[in-house]
Amino acid sequence: MKKIDPTVLKETKFIAFITLLLGVLQQAVFLILGKWNFAVLLGGIWGWLIALGNFFFMCLTIQKAVSQDEKDAKSTMKLSQNIRLLGLFLFALIAYLIPLINTVAAILPYLYPRFAISLSPFLRKK
């Protein structure tokens with residue numbers, strides 16, 4: 001395995017921080033709505049870890065793909081996308097099957113990395 005590129009680590013740390021803030025906001029919304037309980041907390045943590053792992057593995061795939069020719073890079077990215085999507089589905093299913101995890105709280109964090117990426121240009125103005 002190649003060394004992890006510093007950009008991958010930098011971007012993953014950024015996404016981890018922003019998605020963690022969004023996760024705290026999610027917990028607050030559940031609390032305000034009177035729906036917060038321990039299962040919501042576990043669901044939020046579960047979803048955050050899965051979403052962050054998904055982002056990290058996507059970054060590793062991109063790191064690998066940039067060193068490949070175009071055809072192999074497309075194939076690598078497509079395979080990674082399919083595997084990661086299947087993984088997200090399986091982890092959502094696991095969250096659903098475990099009564100101690102709130103499924104909604106576990107799935108919502110899947111959206112947070114995309115939101116963090118959208119916010120990135122505004123938060124990183126230099």
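Thr-76 has its place in helix α3. Residues up to four places away in sequence left aside, Thr-76 touches Thr-61, Lys-64 and Gln-68. The model in which these values were computed is a predicted one.

The overall architecture is as follows. The secondary structure comes to five helices and zero strands, and the order of elements from the N terminus on is α-α-α-α-α. The C-alpha trace spans about 55 × 40 × 20 Å along its principal axes. The protein has 126 residues, and 36% of them count as buried. Among contacts with a separation of 6 or more, 78% are made by residues 24 or more positions apart.

Phe-30 counts as buried, with a relative accessibility of 13%. Residues up to four places away in sequence not counted, Phe-30 touches Lys-35, Trp-36, Val-40, Asn-102, Val-104, Ala-105 and Leu-108. For Phe-30 and Ala-105, a sequence separation of 75 residues goes with a C-alpha to C-alpha distance of 8.8 Å.

Helix α5 was examined for the placement of its buried and exposed residues. Tyr-112, Pro-113, Ala-116 and Ser-120 of α5 are buried. When α5 is seen down its axis, these buried residues fall within an arc of 100 degrees, so they line one face of the helix. Arg-114, Pro-121 and Phe-122 are exposed on the other side of α5. The cover over the buried residues of α5 includes α1 (6–32) and α2.

Within this helix, Pro-113 has a relative accessible area of 8% and is buried. With neighbours within four places in sequence left aside, Pro-113 is in contact with Ile-15, Thr-19 and Ala-51. Pro-113 and Ala-95 are 18 residues apart in sequence, and their C-alpha atoms are 19 Å apart in space. For Phe-30 and Ala-105, by comparison, the corresponding values are 75 residues and 8.8 Å.

The largest pocket holds about 470 Å³ of space. Two or more residues of its lining come from each of α2 (38–65), α3 (70–97) and α5 (112–123). The largest share, five residues, is given by α3. In total, 14 residues line the largest pocket, and those nearest its centre are Asn-54, Met-58, Arg-84, Tyr-110 and Arg-114.

Two salt bridges are present in the structure. One of them joins the side chains of Arg-124 and Glu-11, with an N to O distance of 2.9 Å. This pair links distant parts of the chain: Arg-124 is in the segment after α5 and Glu-11 is in helix α1, 113 residues apart. Arg-124 is partly exposed, with a relative accessible area of 27%, and Glu-11 also counts as partly exposed, at 21% relative accessibility. Both values are in the partly exposed class because that class runs between the buried limit of under 20% and the exposed limit of over 50%.

The other salt bridge is formed by the side chains of Lys-74 and Glu-70, at 3.7 Å from N to O. Both of these residues lie in helix α3, four residues apart, which is about one turn of the helix. Lys-74 is exposed, with a relative accessible area of 57%. Glu-70 likewise counts as exposed, at 59% relative accessibility.

Notes: Residues numbered from 1 in each chain as written. Predicted model: local features only at pLDDT ≥ 70, side-chain atom pairs only at ≥ 80, totals over all residues. Heavy atoms only, no water. 1 Å grid on protein atoms, 1.4 Å probe; cavity = no way out; pocket = protein on both sides within 12 Å on 5 of 7 lines; lining within 4 Å. Points joined across faces, edges and corners; volume = space filled by probe spheres on them. Buried < 20%, exposed > 50% of the residue type's maximum accessible area, 1.4 Å probe, protein only. Arc of directions from axis to C-beta. Contact = heavy atoms within 4.5 Å. Salt bridge = Lys/Arg side-chain N within 4 Å of Asp/Glu carboxyl O.
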